[in-house]
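Here are my notes for your next look at this one.

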Amino acid sequence: MSNSTYTANGENGDPGSTEGELNQWKHRAPYRVHDKAEGFKVRYQGSCHCGKVQYQLSREKPLDSKYCHCTTCQKIHGAPFQWAAIFHKDDINFTHGHHDLGWYESSEKTCVHKLPCKVSCAYCRTPIMDEGRNMILLFPTLIDFKDPEDRKNFDISCHMFYTRRVLDINDGKPKWTGINDSSDLIADSPQDAVNELKRKRQDEVQEKSNEQK
């Protein structure tokens with residue numbers, strides 16, 4: 001068994017090869033390298049702590065940005081919460097080190113590339129992103145923002161799992177007990193957000209009632 005197969009990626013292919021079944025992930029987004037002919041427009045650049053993993057982003061604003069206070073994020077990041085920005089998988093282009101990545105699937109505690117999973121630099125262990133089945137969650141602290149306006153594009157829309165927080169954040173943002181839009185807002189949330197949620201839930205109940213008639 002070749003040592004190179006397990007140097008960085010576990011049972012996920014050879015870091016020095018793009019051939020074979022175990023290496024097919026390298027040809028798919030978000031890991032495939034964009035060809036110059038595709039016209040990938042570079043808006044931001046990011047990297048891990050050691051610099052072995054570097055990437056570019058083409059989208060000016062993430063699809064969403066939020067703070068997650070769940071205990072899994074707290075433990076894996078060694079921080080009070082995770083700051084995550086959501087992008088399409090084709091919005092990222094790895095320029096260095098996409099062969100030097102490691103994976104962790106938290107529900108089964110395995111290092112096999114199985115979605116959804118957490119992605120990190122295999123050398124310095126910096127968390128790079130969470131890869132879902134359709135989207136990726138990037139961590140804005142890895143991005144080299146050139147000016148405050150760029151940083152402002154990543155302002156959060158809400159907090160998730162706020163009841164598990166280890167510190168209070170009085171920023172006036174909606175604060176959900178679980179996943180946003182699928183749980184409840186706590187009292188610290190803006191009143192207009194609470195009212196909007198009530199209207200949405202009432203509309204859902206009314207719609208179900210109409211379907212049953």
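1. The largest pocket has a volume of about 510 Å³. The volume is the space filled by probe spheres set on the points, which are joined across faces, edges and corners.

2. Please keep in mind that this is a predicted model, where local features need pLDDT of at least 70 and side-chain atom pairs count only at pLDDT 80 or more, while totals for chains, interfaces and linings use all residues. Residues are numbered from 1 along each chain as its sequence is written, and side-chain values use heavy atoms, with hydrogens and water left out.

3. Back to the pocket: 24 residues line it, and Gln 82, Lys 118, Asp 130, Leu 137 and Met 160 lie nearest its centre. Two or more lining residues come from each of β3 (64-68), α1 (71-77), β4, β7, β8 and β9. With three residues, β4 gives the most. Elements are DSSP runs numbered from the N terminus: helices (H or I, at least four residues) and strands (E, at least two).

4. The largest nonpolar core has 31 residues, and Phe 94 and Ile 128 have the most contacts inside it. Such a core is a set of buried Ala, Val, Leu, Ile, Met, Phe, Trp, Tyr and Cys residues joined through side-chain atoms within 4.5 Å; buried means under 20% relative accessible area, exposed over 50%, partly exposed in between (1.4 Å probe, protein chains only). Apart from this core lies another, of six residues, among them Trp 176 and Leu 197.

5. What does Ile 128 touch, leaving aside its neighbours within four places in sequence? Its contacts (heavy atoms within 4.5 Å) include Tyr 55, Phe 94, Val 119 and Leu 142.

6. An open sheet of three strands runs in the order β1-β2-β5, with antiparallel pairing; strands pair if DSSP finds at least two bridges between them. Between β2 and β5 there are four bridges, and Leu 57 has Ile 92 in β5 as its bridge partner.

7. Do check some backbone details. Cis peptide bonds join Ala 29 to Pro 30, with omega about 10°, and Leu 115 to Pro 116, with omega about -5°. Lys 109, not a glycine, has a positive phi of about 55°; this residue is exposed, with a relative accessible area of 62%.

Key: 1 Å grid on protein atoms, 1.4 Å probe; cavity = no way out; pocket = protein on both sides within 12 Å on 5 of 7 lines; lining within 4 Å.
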